[in-house]
Amino acid sequence: MVKKRRLRLIAEMARKIRAYRELKSRPRESQKYALDYETMKRPHTGKMLPVLAWQDVRRESRLFSLLAGMRMFGMGRLFTRKSWLEEHTEPSYWQITKVKVDYTAENMDHGKAWGILTLKGKQESEVKELDKVMYHDWRLVPKRMEQQMKDFEPLPEPPVRYVPYPPLLRAMLLAQHKKAVGSILAEEPVLPLKRDVLLNKDYFRRQEQEQETQRTEGTAV
C-alpha cells in the first residue's frame, strides 16, 4: 500500500511568507541606481563610477530624467544615445511604446520602458524592453528630425564572401562525407565569412536558459 504524502500547510505558508519578505526587501531601482553627484558614488553599493564616465554624468541625461518631464512620459517619441551617434553614421534610436514609472522615486525618474529598436537604420519587428536606461547618454530626437530618421533607407548588405577550408579541416569534411554518403563530394567545400548568430543580449540570455534547463533536467544516461 502506497503511503499518501502529507500536505504540510504550515511549511508551505512559511515558504510563501519568506519569498514575499525577500521580494519586499529587495531594493528598488531608484535606490539601487541612486547617485551622489559630488562623490560620484552609488549610496546603495558604495561603488564609484569609472572616471571616464564622469563627464557624461555631468553633461548627459538618463532616459527617465527626460521622460519624467514630457507629456505622456514621451510615448511615441524617439530617443537615441550619445554612444550611437559617435559609433554609427546610420540613425539608431528607440521609439517608446510603453512606460512603467516607479512612482516611489523622488522625481519619478526611474522605471522601465518598452519600444521598437532601429539600429543602423534597420528596424526590428518586436517590441522589447529598453536596456541601460540608467546610463547618462540618452538624448531626445527633435521632432523636426524624426521623419528624416524614419525615412532613412539602409544600404543593401554586401554579398557573402567565401574562403576555402584549412587543409586538415577540408580533409576531415571530405572523409566524413564519403563515409556517410559513400561518394566523393562533388563541390569544393567553402567557408562563408558571415556570422549567422547575433551575439547580443538575447543570445546570451537564451544560452543561460538552455544551460539551466539541462542542469535541472539532468543528462540522459
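Start by selecting K132: with a relative accessible area of 38%, K132 is partly exposed, where buried means under 20% relative accessible area, exposed over 50% and partly exposed in between (1.4 Å probe, protein chains only). K132 sits in the loop between strand 5 (128–129) and strand 6 (138–140). Check its backbone while you're there: the phi of K132 is near 60 degrees, a positive value in a residue other than glycine.

A word on what you're looking at: this is a predicted model, in which local features need pLDDT of at least 70 and side-chain atom pairs count only at pLDDT 80 or more, while totals for chains, interfaces and linings use all residues. Residues are numbered from 1 along each chain as its sequence is written, and side-chain values use heavy atoms, with hydrogens and water left out.

Next, jump to M108, in the loop between strand 2 (93–101) and strand 3 (111–119). M108 isn't a glycine, yet has a positive phi of about 50 degrees. The relative accessible area of M108 is 30%, so M108 is partly exposed.

Now go to the loop between helix 2 (29–32) and helix 3, and pick R42. Is R42 buried or exposed? R42 counts as buried, at 15% relative accessibility. Show its neighbours: leaving out residues up to four places away in sequence, R42 touches K32, Y33, A34, L35, K47 and L49, a contact being heavy atoms within 4.5 Å.

V51 is found in the loop between helix 2 and helix 3 too. V51 counts as exposed, at 60% relative accessibility. Draw a C-alpha to C-alpha line from V51 to M40: these residues are eleven apart in sequence and 8.9 Å apart in space.

Time for the empty spaces. Rolling a probe the size of a water molecule over the atoms shows where empty space is left. On a 1 Å grid over the protein atoms alone, a cavity is a set of points where a 1.4 Å probe fits but cannot get out, and a pocket is an open set with protein on both sides within 12 Å along at least five of seven lines; lining residues have an atom within 4 Å of a point. Grid points are joined across faces, edges and corners, and a volume is the space filled by probe spheres set on the points.

Which residues line the largest cavity? Select E29, Y33, R62, F64, D109, H110, G111, V133 and M134. The volume of the largest cavity is about 50 Å³, and the count comes to one cavity of 30 Å³ or more.

Then move to the second largest pocket, with about 310 Å³ of space. Of its 15 lining residues, A53, V57, M134, Y135 and H136 are the closest to its centre. Helix 3 (54–59) and helix 5 (82–87) each give the lining at least two residues; helices here are DSSP runs (H or I, at least four residues), as are strands (E, at least two), numbered from the N terminus.

Finally, zoom out. The protein chain has eight helices and eight strands. Its radius of gyration over C-alpha atoms is 26 Å, well over the 17 Å that the globule rule gives for 221 residues, so the chain is more spread out than a compact globule; that rule is 2.2 Å times the number of residues to the power 0.38. Along the principal axes, the C-alpha atoms fill a box of roughly 75 × 75 × 35 Å.
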